[in-house]
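Good morning, everyone, and thank you for making the time.

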Amino acid sequence: MPDPRQLMRDLQVFRDPQPGRSLWELGITLIPFLGLFATIIVAADAGYLFALA
């Protein structure tokens, strides 16, 4: 069983928020999501069987 005090020391670096890292993670997730969503919308306009493929 791990020592709780050592675990707290090891995880200390993750306690403070990092706004830059958060924005980066949101950006690399949101941009592809919006691209895929736009692709689905265009494909659905072309026909539902096309969009399903």
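UniProt positions are given in the numbering used here, with feature names shortened, and the annotations may be inferred rather than shown by experiment. With that in mind, the unreviewed UniProt entry lists residues 26-51 as "transmembrane region".

What you see is a predicted model, in which local features need pLDDT of at least 70 and side-chain atom pairs count only at pLDDT 80 or more, while totals for chains, interfaces and linings use all residues. Residues are numbered from 1 along each chain as its sequence is written, and side-chain values use heavy atoms, with hydrogens and water left out.

Let me turn to the fold. The protein chain has 3 helices and 0 strands, where helices are DSSP runs of H or I of at least four residues and strands are runs of E of at least two, numbered from the N terminus.

As for overall dimensions, the radius of gyration of the protein chain is 21 Å, whereas a compact globule of 53 residues would have one near 10 Å; the radius is taken over C-alpha atoms, and the globule rule is 2.2 Å times the number of residues to the power 0.38. Those C-alpha atoms fill a box of roughly 60 × 30 × 10 Å along the principal axes.

Of the 53 residues, 2% count as buried, which means under 20% relative accessible area, with exposed being over 50% and partly exposed in between, for a 1.4 Å probe and protein chains only.

Finally, the structure holds 1 aromatic pair. F33 and F37 are stacked, at 6.4 Å centre to centre and 20° between the planes; rings of Phe, Tyr and Trp (its six-membered ring) pair if their centres lie within 6.5 Å, and planes under 30 degrees apart count as stacked, over 60 as edge-to-face and the rest as tilted. Why are F33 and F37 separated by about one helical turn? Because they are 4 residues apart in helix α2, residues 19-46. F33 counts as exposed at 51% relative accessibility, and F37 as partly exposed at 46%.
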